[in-house]
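I opened my notebook to look up a few things in this model. Here are my entries, in the order I made them.

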Amino acid sequence: MTDFDMLVIGSGPGGQKAAIAAAKLGRRVAVVDRKEMVGGVSLHTGTVPSKTLREAVLYLTGLTQRDLYGQSYRLKEEITVADLTARTQHVVGREVDVVRNQLSRNRVAMFSGTGRFVGDHTVAVTDATGQEQLLTAQHIVIATGTRPARPASVEFDERTIMDSDSVLNMERVPRSMVIVGAGVIGIEYASMFAALGSKVTVVEQREGMLDFCDVEIVEALKYRLRDLAVTFRFGETVAAVERHPRGALTILESGKKIPADAVMYSAGRQGLTDALDLAKAGLTADRRGRIAVDEHYRTAVPHIYAVGDVIGFPALAATSMEQGRSAAYHACEEPVNPIHHLQPIGIYSIPEISFIGRTEDQLTDEKVPFEVGVSRYRELARGQIVGDGHGMLKLLVSPEDRKLLGVHCFGTGATELIHIGQAVMGCGGTVDYLVDAVFNYPTFAESYKVAALDATNKMREVDHLRD
């Protein structure tokens, strides 16, 4: 008989939800993670601290109030790292308590340490003192997450040259900064430091950024970031980064030299699988440390599952949670619906971006006809009240069956607002539902009605011409 029905390696969003789901189904469950990492990368260096940092930046800089009170408005003149981290530490501390409480309430055994396979049903847990303990389980879930990928040619010192983990431990707000990589994490940090007043240069080897997003939305974000004095160097590759007593010099292959107080690399993520001894369980990982799984999140060894960032795209806390729950249900032979194909994407830049469904470019490539309905925050009373005249909501509507094909939002509350579109699309609703619905006034949600009317008015014009 095994010690546990299910053993979860990693306590991030995917691991937590797998453990709790199995425990709710009456199984004996254990979770292995380092004591200082309860809640996983998401809680300590990823989603939660970076989003909390963003809130602190918005509050202390008064950035969102400047349209109302003038461009010089600031809540605090000299913002220190201590000001920013105080809020982060408070939130992370509270969230760790929540995770511990949830696991304990559901009678999930917690083992502090790192786990590695010694067989396909057995994991050795090594604690902080070096003591080792063997645990056996009928099913094992790998939810170890990722770490920032670090180019071997770069000398990281955690002070001048950093990655997206160590940037949270900065000693002071840099006056100037180079961010290498214009992916989601790079752009989120670029907008935060730009809001703090740092002169930010973003270097990206591709010709654009966030190419999975709607082009118009990305253009709007670029315009806002340039307004905050962000410089973009697209189509450029970093040849070398030199560390100097007073900062760093980033040298590009084109010959450009960019001096800055700090450099942050945001060059993708690497799966945390090196120390797992996967081979002893009959498993392998790819060169980015990712583990392949089937539609039930089973690995090549059927009783071992993998969920979250360690399996690759989309690598979001929200999807990781669902993957964990689905894996646990499947392992416990409990019926479970596959994760819905419509998943919202949220980017916590300043301002936020969020979308669901397809983009204009995708629909055009697929030769799917669509009409566009747009609502601009500056035309909404709520936009004027909160001081956001730049935001917008865009609906892509099928003229044939009037269903929503995509919803794209940019501005205050975008990541919350998108769920209205998600609900309508998920239930197979049409644009007419949004036209006829009554929304609270004044709200940003009202933008759905404005955009829906815009789209239906355009479709009516086409129909009238045909009559």
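How many bridges pair strand S19 with strand S22, and is the sense parallel or antiparallel? I found five bridges between S19 (residues 353-357) and S22 (residues 404-410), in the antiparallel sense. Strands here are DSSP runs of E with at least two residues, helices are runs of H or I with at least four, and both are numbered from the N terminus. Two strands pair if DSSP finds at least two bridges between them. I also looked up Ser-354, whose bridge partner in S22 is Cys-409.

A note on the source: this is a predicted model, where local features need pLDDT of at least 70, side-chain atom pairs count only at pLDDT 80 or more, and totals for chains, interfaces and linings use all residues. Residues are numbered from 1 along each chain as its sequence is written, and side-chain values use heavy atoms, with hydrogens and water left out.

Next I followed the sheet. It is open, with five strands in the order S18-S19-S22-S21-S20 and antiparallel pairing. S18 (345-347) and S20 (371-376) are the edge strands with a single partner each, so one side of each has no neighbour in the sheet. The twist averages 10° from one strand to the next; angles run from 0 to 180 degrees between N-to-C directions, and axes are lines fitted to C-alpha atoms, for helices over the stretch in contact.

Last, I checked what lies across the sheet. Helix H13 (residues 447-466) lies across S20, S21 (392-397) and S22, and runs at about 145° to S20. Contact means heavy atoms within 4.5 Å.
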